[in-house]
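Dear colleague,

I am handing over the structure we spoke of, and below it you will find a short account of what was found there.

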Amino acid sequence: MKLSGNQNGFSLLEVLIALVILAIGLLGHSKIGALGVRANVDAHLRTEATFLAQDMIERMRANRPAAESAYYAGINYAALDCAGVQATICSEGTAGAATDCTAEEMADEDAFHWFCEVDATLPNANVAVSSAAGVYSVQISWDGLDEDGNVDTNDVSATFIP
């Protein structure tokens with residue numbers, strides 16, 4: 001009986017190696033896709049935070065008397081409770097117009113609505129409004145994710161003169 005010189009199973013080994021290389025490539029492709037989605041979410045949250053900081057700046061510019069007295073910087077934003085209903089909404093005054101409000105009441109209402117918008121938009125958000133020498137600073141921070149999926153604090157800040 002004559003033995004043939006053919007090697008059986010060599011093509012199967014080539015196919016297995018090709019499948020391993022293909023699987024590694026597909027895993028890399030899915031990782032790049034996941035990083036792209038994470039970067040897109042991060043960019044969206046950063047854009048929202050920028051809009052929210054600008055919103056507070058515009059609220060302060062609309063209420064110059066409270067802004068010039070640094071009233072907005074004295075509000076304890078962390079103590080605001082968005083789950084409950086605000087006790088008094090000054091724009092629903094006796095005549096139903098915002099002209100019934102004092103500058104401080106309007107600032108309190110601005111702070112409440114703005115903080116609740118920040119809290120609803122950004123995950124685990126913290127805000128700070130400070131004033132020094134007539135210059136306001138609005139800072140917003142929130143929890144995001146880094147490239148490895150770990151929690152990373154992101155922040156946006158803006159300064160302006162009312």
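**The disulfide and the strands**

The link between C82 and C116 is left-handed, with -100° about the S-S bond. This pair joins distant parts of the chain, 34 residues apart, since C82 lies in the loop between α2 (64-68) and α3 (103-121), while C116 belongs to helix α3 itself. Please keep in mind that the model is a predicted one. The sulfur atoms of C82 and C116 are 2.1 Å apart, and the structure holds 1 disulfide in total. As for accessibility, C82 is partly exposed at a relative accessible area of 26%, whereas C116, with a relative accessibility of 18%, counts as buried because the cut-off for that class is under 20%.

Turning to the strands, β2 (residues 135-145) pairs on one side of the account with β1 (residues 126-132), the two running antiparallel and joined by 7 bridges, among them the one that makes Y136 in β2 the partner of S131. The hairpin of β1 and β2 has 2 residues between the strands, and A133 in its turn shows a positive phi of about 55°.

β2 also pairs with β3 (residues 151-160), again in the antiparallel sense, over 10 bridges, and here D143 stands opposite T153 of β3. In the hairpin that β2 and β3 form, 5 residues lie between the strands, and G149 in the turn has a positive phi of about 90°.

Within β2 sits S141, which is buried at a relative accessible area of 18%; beyond its neighbours within four places in sequence, S141 is in contact with N124, A125, N126, T153, N154 and D155.

With kind regards

Definitions and conventions: Residues numbered from 1 in each chain as written. Predicted model: local features only at pLDDT ≥ 70, side-chain atom pairs only at ≥ 80, totals over all residues. Heavy atoms only, no water. Helix = DSSP H or I, 4+ residues; strand = E, 2+ residues; numbered from the N terminus. Buried < 20%, exposed > 50% of the residue type's maximum accessible area, 1.4 Å probe, protein only. Contact = heavy atoms within 4.5 Å. Pairing = 2+ DSSP bridges. Disulfide = S-S within 2.5 Å.
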